[in-house]
Structure formats: structure tokens, C-alpha cells
Amino acid sequence: MLLKLINFLRGNVRVEMKGDYTERLINMCAFNGIEFWDIKRTGNNVIEVTMRVDGFRRIRKYAKKTMTRVKIRKKAGVPFLVHRYRWRYALWGGAVAAVLLLLYLTSFIWTIEIVGCTYTTPAQIMKALNGLGLKTGVRKNKIIASELKNNMLSEVDMLSWIAINIKGTHAEVVVREREETPYMIPRGEPCDIVAEKTGVISKMNVKEGKALFKPGQTVLRGDILVTGVLDSETAGIRRVHSLAEVQARTWYKLYGRAPEKYIRKKYTGNKKKRLALIFGTTRVNLYLNSSIPFDFCDKMIEKEKIIINKSMYLPVSVVTETYTEYIPEKVRSVSGQISTEAKRTLLRRLSRIIQGGSVKTSSCKVDAKNGAVVVTLNAECLEEIALERGITEVP
Amino acid sequence: MAKGKKKAGLITRGLGKVARRLDIPVSSVTRTARISIDGNCHLILEGHEGISEYTDELIRINCKNMVVSGEGNGLSMKAMNTDGLSLTGSITKIEFSV
């Protein structure tokens with residue numbers, strides 16, 4: 001493939017050799033460094049070969065020696081195309097203008113992509129970037145990435161790290177945000193361990209401090225499980241930083257509600273597509289009637305940027321709007337289906353609440369109430385309930 | 001002239017013997033032909049001294065001390081240069097005339 005492309009760029013000719021000593025001519029070419037390929041006998045004393053233009057110029061000498069007539073059958077390649085179109089000034093002018101235009105357009109930033117936002121929004125980052133000079137349509141050489149990075153870090157407090165990668169006409173801004181550290185009582189400061197949730201203690205491992213409860217006992221939220229105030233006859237009262245792992249069984253009751261009847265979309269199969277082009281910020285619709293084609297329909301908008309060679313983004317996007325028609329149908333909820341779906345959703349909500357704990361048993365109940373389906377999830381969980389708190393009282 | 005040819009032949013034969021004793025390919029020390037063939041459709045011959053006949057059904061290649069003939073259907077030479085040549089087509093017979 002690559003060899004074919006090189007041959008096309010360099011130009012090659014298909015040569016017909018006619019004579020009684022064609023084999024001798026071929027031998028002479030081979031031993032005198034004339035490159036040729038695709039050797040084919042086409043007649044009794046006719047052989048066709050493909051060779052480069054400079055090879056054809058050199059072959060004449062040997063053709064004379066071997067009394068062989070050589071004739072060009074076909075010319076192919078860029079040098080011949082250039083020669084054929086040499087008087088078409090408009091064509092050459094157009095090609096040069098296109099290359100210059102492409103070079104000029106590639107010296108701008110056409111797209112900005114922001115990656116890595118969790119607590120901040122891309123719009124917030126984009127606003128700050130625009131304020132500091134990085135926006136669509138700005139010249140690439142006006143952007144000094146290191147300066148912009150420092151300014152961005154001081155502009156947006158939430159950011160801890162930022163990278164600006166300019167690939168062709170595309171700017172990729174990668175951000176990492178500061179994570180808020182949870183409040184922790186310093187190691188040397190005395191504290192108690194209190195129950196974060198109500199439950200029955202199943203396991204207790206006290207490393208520092210004095211336990212006030214035993215496994216199997218019920219605790220309410222806020223109860224002091226391990227106290228940091230130690231009293232002894234010899235040393236008197238002393239305060240320590242309590243350390244303990246307390247695991248407890250906890251119970252949860254979660255509710256979910258769904259309407260008894262809901263609207264289901266029945267697709268008719270009718271679809272309509274519309275195309276539009278966006279040049280920078282200007283939209284050009286490639287259709288006349290702009291009203292919505294169906295009474296009930298889903299609208300899907302796909303925006304595709306025109307990219308050349310992965311990194312060269314052009315300032316043109318193609319927008320495809322697809323309208324899919326449907327008929328709304330009122331459907332009664334199926335109890336079993338709702339139950340499994342609701343249980344899954346409620347368990348997901350529960351796993352967010354217990355954070356790292358595990359669900360031991362769970363059951364789901366479905367009831368119909370005032371035209372709605374109420375799903376109740378009862379679950380027994382096992383989780384860590386120890387929470388550090390400053391010393392408030394002496395037991 | 002004949003004396004010189006005889007001397008060269010002796011040297012080649014001697015080198016060949018040494019190469020065989022050392023278990024290395026003879027073609028790497030003497031300029032004898034080396035043929036590699038993929039099935040019966042592609043043949044590469046290195047160390048030739050030119051072709052003497054070439055048609056769709058027969059090709060005769062001169063090599064040092066012998067002539068290699070290839071017979072078949074639709075034979076076509078893909079490329080040829082000083083070192084070797086590449087032949088494609090349906091090869092039915094290869095013959096060595098020493």
C-alpha cells in the first residue's frame with residue numbers, strides 16, 4: 001500500500017518492449033540498476049513492464065543495443081497529473097488558498113473540553129477560563145498554559161490541580177478538585193465515642209478509654225459508648241482520646257411510592273430527521289418547516305463536530321434532530337414488576353445510608369393506597385456506629 | 001581464460017566444502033542460487049545471472065553452474081533486480097539443468 005503510494009507520488013510508466021531479445025533487455029535493466037516490476041508477456045515477442053520515469057530515460061540505450069522497440073503504454077502518478085493541469089491557474093490558486101486557509105484556521109482554538117469536574121460544574125470552569133482569555137476562537141499563540149494554570153488555581157478555590165493540553169485546535173482542560181477533609185479530633189485531645197445510630201451492639205473492640213456498654217445491649221443515638229474520662233484510685237481522674245470499633249445491628253424502614261396507572265409510550269415507527277449546521281455560534285437549518293412534526297414524539301439531538309485527523313477540530317458542527325412518534329397509553333402497574341424494581345431502588349438508597357455496612361436481611365411489602373402503590377422495605381443491617389465527640393460530662 | 005575459470009571453480013568448491021563442514025548455508029559463502037517457495041504460487045530466487053526465456057508457461061533462469069526452469073500456468077514476474085527475482089503463478093514443475 002505504502003509502496004503503491006510512493007510509486008504514485010514519484011510517477012511511473014507502463015512500457016511495452018517489442019523485439020526478439022526482450023529477455024536480454026530485461027537482464028540488462030536488472031544488472032544496470034534500472035528498477036522495474038510487474039513483468040508480463042503480452043504477445044509472442046512483446047513484454048510489458050512498469051518502471052519509473054528516470055528508468056525509462058535510461059532504458060533507451062540498452063534497447064538500441066538489443067534491437068528492441070520500447071513504447072509507453074500508460075502514464076500514471078503525480079508528475080503526469082501536474083503536467084496535465086499545469087495551465088489551470090484557478091485550480092492551483094484554489095489549492096494554495098485552501099492550504100493557507102487551513103493553516104490559518106488551525107492557529108485558533110475551536111473547541112474546549114473540560115474533564116474531571118465533580119463538585120464544580122464545567123460551566124463554572126469555562127466562565128473562569130473565558131475570563132482569563134481561553135475561549136473559542138482565540139489564537140493559540142496567545143495562550144500561555146503555565147500562566148493560565150496558575151491564574152486558574154487562584155481564581156477557582158475548589159481546584160487543586162489543572163492541566164491545559166492543546167491538541168491541534170482542541171483544548172482539553174483536566175481539573176482535579178480539592179476534597180474537604182472530614183472533621184477529626186486531634187489524636188492528643190481527649191474525646192468520647194458516642195453511638196451514631198440506634199441499634200443493638202454486636203461487636204465492640206475498645207483500644208483506649210472505658211466501655212460503658214457490652215455486646216448485646218441496645219443503644220440509642222447519641223449514647224456514650226466509650227468514655228475518655230478514666231478514674232482510678234492511684235492516678236485519680238485522667239482524660240484520654242478514646243479509640244474503639246463498635247459494630248451494631250440496625251433496622252431501617254424505607255418507603256417508595258409509584259402511581260397505580262402510568263403512561264407508557266407506544267412507538268408507531270414513524271421517524272423524521274432534520275439536519276442543521278453550526279458555524280461557530282451561527283446555526284443554519286437545512287430544512288424549511290421548523291414546527292414539531294408529530295403530536296407526541298421524542299426528540300433526540302446529536303451534535304457532531306467535524307474532526308480531521310483526531311486532533312484537528314473545525315469550527316463546524318452537524319446537528320441531527322430525530323423525532324420519533326409515539327402514542328401515549330395509560331397502563332396499570334404490575335404489582336410484581338413494581339415490587340422488584342422498587343426493592344432494587346430502595347436497597348440502593350439504603351446502601352448509601354449505611355455507607356460500608358452490610359444488609360443482613362430485607363423484605364418488601366407492596367400496598368395500594370389512594371390510587372398509588374406504596375412499597376415498604378424492612379431491612380436489618382450490620383454497620384459501624386462509633387463516632388468521636390469531645391468530652392462533655394464526667395460519668 | 002579457461003585457466004582462470006577452472007581456478008574460480010576450485011575455490012567455489014572448496015568454500016562449499018568448508019561451509020558444509022561448518023553447517024552454514026552454502027549460498028551464503030558462494031554465489032550459488034538460493035530458492036524459497038511458498039506452496040506452488042510464489043517463488044523467490046536469489047543469486048541469478050539473468051533470464052534466458054520467459055513466457056506465461058515457462059521461465060528459464062541462468063544461475064551459477066546451472067539453469068533453473070520453472071513450468072506452470074499464468075507465470076508472471078513481480079519484480080527483478082541484480083540480487084533476485086520474484087515469480088508468481090501456478091508453478092507445476094521446477095527443473096535444474098547442471
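## A greasy patch on the surface

Six residues, A:Leu2, A:Leu5, A:Ile6, A:Phe8, A:Leu9 and A:Leu81, make up a nonpolar patch on the surface, and together they have about 540 Å² of accessible area. Keep in mind that this is a predicted model. Helix H1 of chain A, residues 2–10, is the biggest giver here, with 5 residues in the patch.

Take A:Leu2, which sits in helix H1 of chain A. Is A:Leu2 buried or exposed? A:Leu2 has a relative accessible area of 61%, so it counts as exposed, the cut-off for that being over 50%. As background, nonpolar side chains in soluble globular proteins tend to be buried together.

Now for the inside. The largest nonpolar core has 34 residues, and the ones with the most contacts inside it come from both chains: A:Phe36, A:Ile39 and A:Met51, plus B:Ile51, B:Met77 and B:Met80. Helix H2 of chain A (residues 22–31) hands over the largest share of this core, 5 residues. Another core lies apart from it, with 18 residues, including A:Ile112, A:Ile125, A:Ile164 and A:Val175.

A:Ile39 is a handy place to look at how the chains meet. Setting aside neighbours within four places in sequence, A:Ile39 touches A:Ile26, A:Ile47, A:Glu48 and A:Val49 in chain A, and B:Tyr54, B:Ser76, B:Met77, B:Lys78, B:Ala79 and B:Met80 in chain B.

## How the two chains meet

Across the interface, 16 residues of chain B are in contact with 12 residues of chain A. The two chains bury about 1200 Å² between them, with 56% of that on carbon and sulfur atoms.

B:Lys78 pairs with A:Asp38, and their closest N and O atoms are 3.0 Å apart. B:Lys78 is also one of the residues that A:Ile39 contacts.

## Chain A as a whole

Stepping back, chain A has 8 helices and 22 strands. Of its 395 residues, 34% are buried. Among contacts in chain A with a separation of 6 or more, 66% join residues 24 or more positions apart. The accessible surface of chain A comes to about 25700 Å², and carbon and sulfur atoms account for 54% of it.

Notes. Residues numbered from 1 in each chain as written. Chains lettered and ligands numbered in written order. Predicted model: local features only at pLDDT ≥ 70, side-chain atom pairs only at ≥ 80, totals over all residues. Heavy atoms only, no water. Patch = residues over 30% accessible without salt bridge, like charges linked within 9 Å, V, L, I, M, F, W, Y side chains within 5 Å. Areas by Shrake-Rupley, 256 points an atom, 1.4 Å probe, with all protein chains shown as cover. Salt bridge = Lys/Arg side-chain N within 4 Å of Asp/Glu carboxyl O. Helix = DSSP H or I, 4+ residues; strand = E, 2+ residues; numbered from the N terminus. Buried < 20%, exposed > 50% of the residue type's maximum accessible area, 1.4 Å probe, protein only. Core = buried A, V, L, I, M, F, W, Y, C linked by side-chain atoms within 4.5 Å. Contact = heavy atoms within 4.5 Å. Buried area = accessible area lost by both parts, 1.4 Å probe.
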